[in-house]
Amino acid sequence: METQLVDLCLKAACESRDSVEKWRRQRRSLEHLPSQLADALLRRLISRYLLFPSLLEVFKHSAEEIDLRGDNNVDAEWFAYIGAFRHLRSLNVSGCRKLTSSALWAVAGMRSLREMDLSRCSKVNDAGIRHLSSVTTLEKLWISETGVSAKGVMLLSSLGNLSVLDLGGLPVTDQALSSLQVLTKLQYLDLWGSNISDKGAALLHMFPRLSFLNLAWTSVTKLPNWLTLECLNMSNCTINLLEGDNGKAPLVKLIVSGATFGEEVADFHYIETTLLTFLDLSKSTILDFSFLSHLNALEHLDLSSTVIGDDSLQLIACIGVNLKYLNLNNTKVSSAGVGNLTGHVPNLQVLSISHTSVDDVTISYIGMMPSLKVIDLSNTNIKGVIYQAETVPVPVREPEPEPEPEHEHEPESVSVLSMSALQSLRHLERLNLADTQVMDAALYPLTSFPKLSHLSLKSASLTDISLNYVSSISKLTNVCIHDGVLTNSGLNSFKPPATLRMMDLRGCWLLTEDVITSFSKTHPQIEVWHDLVHISRSNQTVSNTAPSSRSTLRTSQVKKKHESIPMLECFLDQRLKYSREELLSMQFSSVSLAASIDSGIGICNTQSD
Amino acid sequence: MKKEDTVKLISAEGFEFVVHKDAAMVSQTIRNMLTSPGGFAETEHGEVTFPEISTTILEKICKYFYWNLQFASGKQTEFHIEPELTLELMMAANYLHT
């Protein structure tokens with residue numbers, strides 16, 4: 001961490017190209033620069049897009065780390081300079097797509113390099129690995145999704161100090177893997193998407209220190225089970241048998257998302273139940289969840305898109321004491337099941353039950369899970385209102401009676417706003433109610449949520465009244481109101497909370513471009529998203545999102561067209577001009593027009609219809 | 001300015017800067033020198049010599065000390081650093097822990 005004056009100096013040094021020119025000739029100072037300052041200066045130059053190959057040269061005596069990830073300019077010229085770095089310990093060029101194998105030649109003789117990340121450098125192939133194989137100091141190497149073949153992987157056997165090796169997405173064969181057995185220091189091995197079979201997987205226990213293993217998307221069917229393994233990923237595999245000794249693996253983390261289980265392994269008897277804290281079973285074929293009742297240490301449990309139902313939630317309640325994350329998306333879980341959990345999950349912070357049939361009764365149960373920070377209720381039957389006339393089970397905690405907002409249209413039925421049950425959640429930060437049946441009035445209780453910072457809504461029945469409530473949520477930073485029928489006048493009179501930084505109004509088809517633009521001029525701190533326009537907070541550049549306006553020529557043409565059409569004010573309130581049927585028929589056309597060549601013309605066409 | 005409230009900072013070339021102790025103690029390194037009970041020579045004479053820091057840089061450092069005090073008391077002004085000085089000043093700031 002830099003001190004304040006060091007930070008000011010870094011800022012001043014990286015102000016512009018000119019300021020760089022002022023110090024780059026000070027050779028003596030640069031040679032004496034302590035490595036942590038050199039690394040900080042390099043980082044700052046990279047983030048300000050001020051680094052170019054020959055400038056790298058001045059750091060060759062000082063820098064220990066270079067992180068150029070995602071920079072598409074990096075090529076052999078950059079590496080010619082990097083090769084001369086005396087003390088370079090870590091080099092990250094992941095995602096530098098221009099980088100070729102021959103560029104890596106410059107790295108070949110380096111004596112200090114410990115870590116190298118070449119992930120997603122698709123032009124790097126076996127020839128590049130040949131250059132790397134002489135850098136025997138390497139301890140961590142990432143070459144996932146490169147052009148390296150099984151032959152290239154075999155060349156890695158000369159890197160005897162490797163402890164971390166990422167071979168994800170490479171066609172590693174059993175034979176190639178067996179040639180890596182000399183890498184006895186290996187602790188982390190990533191082989192997702194490789195051509196490894198059970199034969200190759202049987203060799204894996206020859207790595208005496210291996211604790212992290214990723215075999216996702218392979219044809220391995222035997223679940224490795226030996227005494228060093230702590231973290232295992234076998235997502236999207238078909239798992240039938242156990243591999244290894246009969247002891248229990250000290251697994252802390254098990255990810256078997258999308259896996260198909262055979263009978264012998266589906267009961268997880270081989271797991272040391274006191275250690276497992278992270279279990280991802282999403283999309284897997286597990287039918288019997290009774291094993292869950294033994295997993296007392298669980299903190300993270302993902303059961304989304306499994307066949308779990310209400311009865312199995314009882315099992316989760318038994319082990320809920322340590323649970324912090326629970327995902328039940330896309331399951332048969334109903335409100336009654338969620339009720340089983342109340343009182344048993346004192347530490348639950350994240351609860352996700354979207355795409356289920358839960359209704360408003362669930363909300364009153366959720367209101368009794370005291371540590372919740374994030375709740376996802378999207379795509380459910382939540383209405384936000386419970387009508388007492390209907391025969392719904394009475395929620396355990398009676399929400400406050402409705403404070404009668406002035407726009408209430410059903411005076412005869414006694415209703416309570418279910419969301420008020422969440423007011424007792426002191427830590428609630430994020431709430432997702434997208435694609436529910438929530439109407440404006442149901443949002444009233446949100447205004448008294450003390451910490452709510454992220455709110456997502458998506459419904460065609462949300463109107464300007466929702467904006468009214470949003471403006472009184474005191475800590476709100478991000479709000480999404482998709483597909484609402486917000487109007488220009490509603491947005492004009494909207495007083496955003498002082499904390500608001502992002503407002504996503506995509507699909508609010510009644511809003512026009514100039515009203516959104518003027519809104520963000522009045523509130524420059526807010527980033528605004530809409531189908532017609534995207535205004536980012538940092539530099540206040542207005543970009544038409546739909547067409548990727550790469551050429552400035554086109555944007556200037558659009559501007560000209562805008563200027564040449566007078567009376568832009570006439571579509572401030574389009575509802576007055578069109579009948580409801582006409583508006584509905586235009587809902588999709590305006591979006592598709594916006595997606596056509598330029599949005600300016602799109603609006604004009606709609607107007608002239 | 002009483003003598004016991006000040007401290008003398010001496011640059012590589014021998015130039016002396018007399019600054020308030022409060023200001024000098026913006027630097028954690030100087031603070032340690034002046035307050036440590038071990039009896040540094042610096043503590044007794046109220047003088048610190050920096051054979052590695054040139055006059056120009058030490059002058060800038062002293063200005064920063066006072067700017068920092070003002071900044072902390074709520075006067076928000078910009079502290080301008082000439083690009084030519086950034087490297088040397090950065091190293092001095094790193095050494096002085098300020």
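Predicted model: local features only at pLDDT ≥ 70, side-chain atom pairs only at ≥ 80, totals over all residues.
**Entry: the pocket**

I noted a volume of about 440 Å³ for the largest pocket. I counted 15 lining residues. Nearest the pocket centre I listed B:Glu52, B:Ile53, B:Glu88, B:Met91 and B:Ala92. Next I checked which helices contribute. H3 of chain A and helix H5 (86-96) of chain B each give at least two residues to the lining. H5(B) has the largest share, with five residues.

**Entry: the interface**

I then turned to the contact between the chains. Chain A brings 21 residues to it, and chain B brings 19. The buried area between chain A and chain B came out at about 1800 Å². Carbon and sulfur atoms give 74% of that area. On the chain A side, I saw that A:Gln4, A:Leu5 and A:Cys9 lose the most area to chain B. Together these residues make up 30% of what that side buries.

**Entry: polar links**

I searched for salt bridges across the interface of chain A and chain B and got zero. Polar contacts did turn up: seven residue pairs, with both residues at pLDDT 80 or more.

**Entry: the chain A side**

I asked which helices of chain A touch chain B. Helix H1 (4-13), helix H2 (17-23), helix H3 (27-32) and helix H4 (35-47) each supply at least two residues. H1(A) supplies the largest share, eight residues. I sorted this side by class: 13 nonpolar, seven polar and one charged.

Technical notes: Residues numbered from 1 in each chain as written. Chains lettered and ligands numbered in written order. Heavy atoms only, no water. Contact = heavy atoms within 4.5 Å. Buried area = accessible area lost by both parts, 1.4 Å probe. Salt bridge = Lys/Arg side-chain N within 4 Å of Asp/Glu carboxyl O. Polar contact = N/O pair within 3.5 Å; in protein donor to acceptor, adjacent residues only side chain to side chain. Helix = DSSP H or I, 4+ residues; strand = E, 2+ residues; numbered from the N terminus. Nonpolar A, V, L, I, M, F, W, Y, C, P; charged D, E, K, R; others polar. 1 Å grid on protein atoms, 1.4 Å probe; cavity = no way out; pocket = protein on both sides within 12 Å on 5 of 7 lines; lining within 4 Å. Points joined across faces, edges and corners; volume = space filled by probe spheres on them.
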